[in-house]
Structures are given as C-alpha cells and as structure tokens.
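Please consult the sequence and the model shown here while reading.

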Amino acid sequence: MAKHHIETTVNGDPVEFLCETEETLLDVLRDTLLLTGSKEGCASGDCGACSVMLDGRLVCSCLVLGCEVAGRKVETIEGMAQGETLHPLQQSFLEHAALQCGICTPGFLVAGKALLEKNPNPTETEVRYWLAGNLCRCTGYDKIVSAVMDTAAALRKG
Amino acid sequence: MRYEAPESVEGAVALLAGANGEARVLAGGTDLLVQMRADVVDPDLIVDIKKIPETRAISEEKGGWRIGAAVTGAELKEHARLRKAWPGVVEAANLIGSTQVQGRATMGGNLCNGSPAADSVPALIAAGAVATLAGPKGKRDLPVEDVMLGPRKLALQKGEFVASFLLPPRPPRASDAYLRFIPRTEMDIAVVGAGVSLTLDGGGTITAARVSLGAVAPRVLLVPEAAQAIIGSRLDEAAQRRLEAAARAACRPIDDKRGTTEFRIDVAAVLARRTALIALDRARAS
Amino acid sequence: MAETNGHSKTNGQSYVGTRTIRPDGVDKVTGRARFGADFNLAGQLIGRVLRSPHPHARIVSIDTSKAEALPGVKAVVTRDDFPDQSSEFIPAGEMMMNYKDVVRNVMAREKALYEGHAVAAVAATSVAIARRALKLIEVKYEVLPHVIDVVEAMRPGAPLLHDDLFTVGVEPKPEKPSNIAKRFEIKQGDVEAGFKKADIIVEREFKTAPVHQGYIEPHAALATASEDGSAEVWTTTQGHFIVRAHCARLLGLDIGKVRVTATEIGGGFGGKTVVYLEPLAIALSKKAKRPVKMVMSREEVFKASGPTSGATVRVKMGATKDGKFVAGAAELKYQAGAFQGSPVQPGVMCAYAPYDIENVHVIGYDVVSNRPKVAAYRAPGAPISEYAVESVVDEIAKKLRLDPIELRMMNAAREGTKAAYGPKFGPIGLEETLNSIKKTEHWNTPLRKWQGRGVASGFWFNIGGETCASLTVNEDGTVSLVAGTPDIGGLRASLAAVAADELGVPYDKVRPIIGDTGSLGFNFLTGGSRSAFSGSMAIVEAAKQIKADLCARACKLWEAKPDQVEWKDGAVRPLGALAEKAKPMTVADFAKVAGKTGGPIGGVGRINAQGAGPSFGTHLVDLEVDPETGRVTILRYTVAQDAGRALHPAYVEGQFQGGAVQGIGWALNEEYIYGEDGKLQNAGFLDYRMPVASDVPMIDAILVEVGNPKHPYGVRGVGETPIVPPLGAIANAMENATGIRFTELPMSPPKVLKALKEKGAARA
C-alpha cells in the first residue's frame, strides 16, 4: 500500500511528509518530522502529553491520523516561543517551578495557552477542568494552576 | 489500510457499500484510533466523513436543529443558540473525555461506537433526537434509541452511516439536562448516565418528559415508566420517589471494573432525580 | 526573558534557599529537552517484546523461525540469548533483588509468571513489521493455575511459583517450598507485657491493592552494541550506573565497556530503578548489528513494569487512658510479584517509627504471586504500614476522646528516641510538623455535615550512598558541574545553587549536567531521597578541593605561605601584611591564569554519603462525601514536612505536593483490577484512575527546617515522606465524615456507598 503524501503547515512552516494510514499525527511529528516536543504517554487520548493545536483547536495528536492534516494548520510546543522570547506562560512555568520531571510540560503549555486565548479570565475551577485532560504525576497540579492563573492575570494587565 | 475522504454522502456510501473486508467510518477518531492502536479493530478501509458538508453543519430545520454527525463537542458548545435550546445535549457531548477529546469527538461517533456508556446518547434520546442514516437505498430516519441495539451492535446496514441528527422543535418552558456518575471529576467513562428532557405548562406542571439511562443495560435505555412517573407533577417529593423507583426497575447493569450492579442501580435512581431537577430548573427559567 | 531573577555577581549573594530558575528549565518548556523516546540513531531498528498472555504457565517451547524469516526482521532474542545467572542479591533502589530473578524477569525462562512477562523480543525495520513479527512467534504454553492475592498465595496448597523458594527467617527451616520468600521481624521490649498495661487496645486488619507509580513517560531505551564487546545505551532511568551494572552482568560484558547515558526522565518514583528494555535492546543490537530502539506502550507499562505491593496488614496497639502508647504490634503480608523482594522490610521498619513506644513487635512476610515483580514506589512499603498504624492511632484518639494531634504529640519520636527498628534519632522535626499543622487556619476551620477532617504523620529514613560529582572551572570563569544521579525533580537547580555559593560565582555561570557513566565514578541511583542530599555533599567536597587548590596557586603567585591566604566570601584573600601587595582573586580571576598556575582547575567529590537524616511529615485533609453516591471530594490539603534545609524551596514544596496527590489517588481510586483469569482489566489511564487537575485543590506546603547536623547545609531528603501520610489522613477524614472506618483501599465510590448503606446512613 503506497503511503499518503501530505502537505500541511506546522508552526507556520509548509511541511510535507509521507505516512501510512495508521500513523497518527503524533507518530508523524515525532518519528518523521523529528519534532519530539510532543510526547506519547498513553496513545489513547487519556494523558494529554501529545497536545497540539489543529486549526486553532486543542486536540490530542495521538487521536488524529497523519493523513487527516492535509491542508490544515498544526501548532506544537516547538512553535510556542516567539524567536528568543518565551511565551509568558512558558516563563511563568519556570518562575513558579510548575514542572518537576517536565514530561507533561509541553502538553500543559499548549493546553494552557489554548485556555488563555479562549478565556482570559478563568477561575481556578475553570483552569482545573480545562486541564483535566493533562495528567501530571509529579507536581500535584498546584504550581501548574498557579502559573496559569498568574499568567492570565499578567496578560490581562497588558 | 486505505484512507479515503469523500466529499459527498453518495461518495461515502459507495465506499462503504463496496468495501471488501472491514470498513470503518472516521469522524473524530477518538474511539477508532484507540481501538486500532489496541489491535481491537484492524480495518481495511477508513472512510473519513468530515469533508462531507452536511456532517459538519449545524442549522435550524422545521423549528428544530439539524446537527451534522461529525460536529465536535467543542463546536456544539460554541453554538450559543443551540446551547440555549438544548443545554443537556450540549453538556453531554462536552463531558466526553477531556478538552482535547471534545475538540474532536462527535455525537455520531459516540453513538456508533456502540457503547451503552456513551455520554451524548442518553441526552439525545431524552431530547427525542432522530438519526438520519445515509445508505445505498437512500436516506432513512431512526430514533436514536433504535440505533444502538447492544454493545458494538448497531441497526445500520452495510454501506450505511449516520449523517446527521435532528432535534425536534422546543416548546416554551422546556429544557433538558444530562448528568453522569464518574469516580473522579473528569476523564472517566460514565458508570451511570442520565438524560432528562421535560416541558412545563404555564403553572409549572410537567406536561411532557423523556428519561434516558446510560451504562445500566446492554444499550442506552429510553425509560417511559420514568417519564410517566413525573408527567402531571411538579416534581414534588412523591414524584421524585416514583422517578427513582422507575429508574431502579429499568436497570439491568453489569458488575465490572467501573461499578457493581448494586451501585449502578442505586446511583441510577439518584442521578435520574438530580437530572430531572436540573432540567426542571432550566425549564422554569427558559 | 529566560533569565534568573536578577542575582548580582557580587559576593555575599547566596542562592541556596532561594527560588532560582532551574538550568534545564528552558529546554523543558520549549520541548527541546530529550527524554528516553526522543533519541534516535541513524539506521536504528524498532524493538518490540512478545509477552505472555497467561498469568502462570510453563513455557514448553518457543519457535521464532517464522518471525526471523519475515523480511525486515533483523534479530530475535529469547531466553536462549541470556545466560543463566547464579543467585546473588544486589540493591535495587532501597530494596534488594537477586540476579537469578533479574534475568528471569527481563526474559522468562522456565515459566511465564505474570500476564505481560517478556517471552521474546524482535528488532525490525519498522513498527508495523515488528508487530507482525511478534504475531509470528509460536510459543507453546502449559497453562498453570495462578494466584495473586497475598493471603491466598500464602495458603498451603496455593499454586507454587518457584519450586526452589524456601522461606527464609523461619525456624525450623521449611522442607517444602512455598510462595513465602521471607519472614522478617523487629522487636523492642515485650509487647505482651505492654498490652497488659494498656487501658485500651485496638486491633484492626487492613487491605490495600497494588498500585502503579504512574509516571507519564513509558520506559524507553536505545542501544547500540559493537563487535568489540562494547555497548552504548540511552535510557530513561533513575540510575544509569545501575543499568550499566545489570546489563554488563546479564550480557557478560565488561562494565567499563558499557556506556549508559541517562536521558531526561519523565517520572520514576522508584519504578525506573531496575532494567526491563535495556538488556533486550543491547542483545538485539548485538545480533542485528544495528542500533535498536525500544519503547513500552502504556499497556506494557502497567502489565510489565513494577507496580508496588498489594498487602494485608494487621495492627494491634495498646494505650493508657491518658493516651500513652504502651505496645505496638503488627503483621504485614506484602506481595512481591513474580519474584521475591517486596518492600515489606521497610514497611516493618517504618510502621511505628513516628512514635516512642517501649514495646514493639512487627512481623513481615514477603510473598510471591502471579503479577509483575514489584519495584520501588516512593517510600516503598511505608505508605501501607503507616496507613494501618495511623488509622489505629486515630481510633485510639477517638476512643480516648483525645485530640489526634495532641495524641501524636504525646507519643512523638524526638531527638534521642530509640526507634524500634534500631537507631536512636538525632534532631528530628516530627513535633514541629505537628505544631505547624495545629497552627494552621485549615485546622481551625469549621466543617459541615458530610465533611470530615483527618490528620496523619509519616516518616522515611532516607539514604546517602555512593556519589561522585565534579566541578570544573572553564577558561572564562564559568563552572561546569557534572552530577551522576538523574535529575527527576529539579536537582540541577539545587546543585547549581550549592556550587555557586561554595565557589562564589553567579548562579547562571554554573552549568550542571548529568554525566554519563563514562564521566564519573559509580553513583548509586536517584532514590531513597538521596540525590540532593548526597549530590550537594559531593559538590561541597569538590568545591573544597578547588578552594584548596586555588589557595595553593595564590601562594605561588603571591610568593606567600599557606597561613597568609584564606578562602573567604568567594575569593582567595591575602591576610595581614600580604594584603598590601596582593589583591583578592575570585574563581574567574584564577580561570584566566589557570594554565600558568598549574593547569585546568577542578575538583571531584567521591563519597559514600553518610548521615542521611529522616524526614517526618504530618498531613491534614478535609474532604466531603456525597452520601447518595459515595463520591469523595478533597476540599483542602495541607502538608507540613521537615526538609532539614531546603536547597530550593519551590522544588521541595513540589515534592510535598506531588507525593500528597499520589497518596490521594492511592487512597481513593487507584488499584490494579484483576479478573478471575488473572489478567489485568485496567491497563490504561482510562480505568487506572490517577488524580486529574480537577480532582484536587491547592496543596498548601509548610516547610519545616530542623537542620540535619550531619550535612554541611543541614539537608534531609524530602522526596519520599510525602506519600506516606496521605492514606491514613484520608482514611481518618473519611471516618470523621461518615463514622465508618474504612480498612480497605481504595475507598472508591461503590465501596463507600455500600458501607454507608450498611450503616443506614445513606438515602439511596
């Protein structure tokens, strides 16, 4: 069976790749495009470590096939910083010590950024429920939630 | 494994009907991809229906709402008027999985995955939703409660797929709600799900109702006895007890890693009552 | 901008104890950091493992011919590729394991002993081919009856896992083999006499289910073996020197020829202190003559790594009516999994450690059964035994109408207390943690109906161990720090702070890395809450060497005698009259003249760190029970724990919070669910229910600092204690909320609702 030839956009760059039908977007990102920032924690959509934005929508890349992204817009953790400047949420995670081992961090950052773009003034409960699909085993979520809330406040101040 | 993304209903039907070996419809993929990875299913053909416009549209039709089978939970949530008319349906679809999953999961996929614990199905059934199937013989309508016959068993013929749902017109003073029981606060499959839709008259008495229970039987149940228990009442204490009893009586749940039989029956009664009360509050406010 | 928070370069600036930005942080928030599965080598093959579908079976034959013939398959390995190992016990984290068992766990030999046990492995040119190859391997199994529950496994006549396992620690020595590997006990005083003095005795039996460490990153290893008997491995591990030792042993290689790099690690909690994939990857690579990359799926992690013991624990305590504990007895039965080596020993030792009790007798049984071999899980053994003891302590408090904190205070271990497991405690902080909790607003907030409050204390000994770390001064005055214990939670930040303070250089001029096994002498693994404790000690030692060396160089430069110079406040300073001729020189100053003054500047600390101080903690939790469904919501949570000295307060708080939430999961919803067929029913994150963000509130962390006099900075290990109190605290809060003592974990909704109904309190 011939592979699919897919043309898409990843972090603003035009990208093309070949993939089998059963390869997920996560497989393609990590193994073909060598963008290993998105992580595989479960391959079943239960941990969020593979979170990316697809056409501006927060999704698990392990639940999207590579061949589904033809002509679409994919944004991964690798595109979050603006050149040499970290996104305020990335900086906030560092300052709050909102990561310990760091494996879940890319997923949380992509998800957190998506939240703040949709809801610039979330309550703590809203933050926790939005991020319920991102598992963390190290931090107990406390400092992650603080980092997101403080970033929201800082961004609102402008 | 072939992947096709037809741009018309006819195209999809032709692919599905003509498939040698196993063919699967792909909408959100939040069940299919997981099952493929777990080697539970190994399709020869995947038919992605998301390029077919009518599977992705939300529009008003004959006073009701036509919702494409491949509209995502997140998109449903962002549709303010649909959310206002059918808060139960929208909240049910948005309880599936996580924010990420809701960005992809669809009610069509949720129904056709054939799990009696599906979150959106009790809400759709309570709403009186009708599924429009497209197949080689053309289109036909089925009430949603008649689509899932048992675990992984659907009433679809070869070549058929669910293209859209039609929610009926909403009279005034009517609303719906969906609750589920899960051990955590998110991310679990429903141990019990309850959908209630009801209509009130000017005096606040329930004139119409539909009650649906999920995860307590081999298929999602429409429970007419539960509706009867509250029609004609204002959901007073006595009506609530009748509702609970009817819910209990309808359950035929299993013992599994998510809950015991006894637990599911107990909680079905509690949820039926709590869901009905929320629907009542919403109906009063609408 | 990604900079540290404005620390100046001038001396007097101290970084230890401040909230610096971790040096590996930017790479972690940008996705650049490379974890186990992020490494790739040109020409690599994909390795996959064939695993037993049966919980207990004799492996009659394995036919790999069809798999080997499949185009794209470059190597297949089975038990025939791993020489048998003689019996030899070695440390595995804070537990012990036997090489004879290690080789059998890595690849089954005579029997498959659990569902998921590795039976063969393949390396192929693609994932698809590797998966197909596994399906072509034909294994003939003779299925045997299985046993999983620890009490069942101990019964005479239970299915026997090993016919050469004779219980150690019983007299007379048993003639028949059994599933009981070991009996272990500690004794102090005379418990029978103690119970006679008691005004009240409480005896209870508790049961816990196996739980998994739950790290988000699955095991992953990339290996490349050479024809000359060398091998290189990149693996996500808590101990790359241990990986090296195991792989060398299992494959008959020289340790010096095996080079292991510890990748960034996505969580371990003890579960990554042993080998699973590494020996397989090396063996495959040797055969295929190409690098082999192996990654576990989430299902494999649940089925084939090292979830901790399920256990049955009986506790009996006696107290006077004033609340003085006069006797403490307990019997612990822990699952070891398929091979011996559960953490029952530390479980026994920790059970009563927080209390000063004259008469103690604790017995433990290490029992094998047909489930994966247990690996360490954060304070291994202690959460289980202390759940039981803290529950009984709470019951005693209730019966005597004493405040649960006061009761613990009355009996608290303090400096000078002799612990029942042996040592006399030095300065410790248990009372301070109890007092801290008492003073919180949390403790003093009123509760409503169906809400309950619980408190519990806990303990972990912590260890030191062999540690090497180096400091090198570079030509531009920056300092390279190489540590040898993988950084699982912010270690590099702490070590960099210590090095910066020791050498008087700015924090952001210290660049810490975790070196591979070729860069340093042996390092014991990251575990036992030792990495910051031991690592900082080794850094202090390395810095000492540098300071001495710089003083000697100064003497040369200034033509001075040793008593005319001293290191002080970040520089070598001339003393007395010399100060008129010479100006102080910093590390950066010396760096410029290193070559001229003798060569590159550096130091290496090589120690066997001693003096690890125990860390005590007390947890306070409020929860609410939904009486109609049994669902529990954690409302509020406070941790007070003694860190000795927090090198980096935020990462210490992080340990408190993370451990507490793991405990919440263990108490409420996590468990291995086995069917009658001995197969795991919930091998995924969907039904293995770990807490998600919406399940927990903020975890308030109170840092208590009772310095450890045996550490240059007063540090105590902190990583493990946080998981010890939550089980008891939550069980106690449940009792407070419902009046029901839950003696079985997890306290999941069906169990809670059933208990409520039986009590007649539920209205369903």
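How many residues does the contact take from chain C and from chain A? In this predicted model, chain C gives 55 residues to the contact and chain A gives 43 residues.

## Interface of chain C and chain A

About 4,000 Å² is buried between chain C and chain A, with 59% of it on carbon and sulfur atoms. Of the area that chain C buries against chain A, C:Val29, C:Ile216 and C:Met698 supply 18%, more than any other three residues.

Between the two chains there are 4 salt bridges. One pairing joins A:Arg137 to C:Glu670, whose closest N and O atoms are 2.8 Å apart. On the side of chain C that touches chain A, helix 18 of chain C has the largest share, 9 residues. That side comprises 29 nonpolar, 17 polar and 9 charged residues.

## Domains within chain C

Chain C is divided into domain 1 (25-32 + 464-480 + 490-609), domain 2 (44-144 + 217-266 + 272-304) and domain 3 (311-462 + 613-759). The C-alpha centres of domain 2 and domain 3 of chain C are 36 Å apart, and their contact takes 21 residues from domain 2 and 24 residues from domain 3.

Domain 2 and domain 3 of chain C bury about 2,000 Å² between them, 64% of which comes from carbon and sulfur atoms. C:Glu94, C:Met95 and C:Phe302 supply 36% of the area that domain 2 buries against domain 3, more than any other three residues. The count of salt bridges between these domains is 0, while 5 residue pairs are in polar contact, both residues being at pLDDT 80 or more.

Terms used. Residues are numbered from 1 along each chain as its sequence is written. Chains are lettered from A and ligands numbered from 1 in the order in which they are written. This is a predicted model: local features need pLDDT of at least 70, side-chain atom pairs count only at pLDDT 80 or more; totals for chains, interfaces and linings use all residues. Side-chain values use heavy atoms; hydrogens and water are left out. Contact means heavy atoms within 4.5 Å. Buried area is the accessible area (1.4 Å probe) that two parts lose on being put together, summed over both. A salt bridge is a side-chain nitrogen of Lys or Arg within 4 Å of a carboxyl oxygen of Asp or Glu. Helices (H or I, at least four residues) and strands (E, at least two) are DSSP runs, numbered from the N terminus. Ala, Val, Leu, Ile, Met, Phe, Trp, Tyr, Cys and Pro count as nonpolar, Asp, Glu, Lys and Arg as charged, and the others, Gly among them, as polar. Domain bounds come from an automatic or database domain assignment. A polar contact is a pair of N or O atoms within 3.5 Å; within protein, one must be able to donate a hydrogen and the other to accept it, and residues adjacent in sequence count only if both atoms are side-chain atoms.
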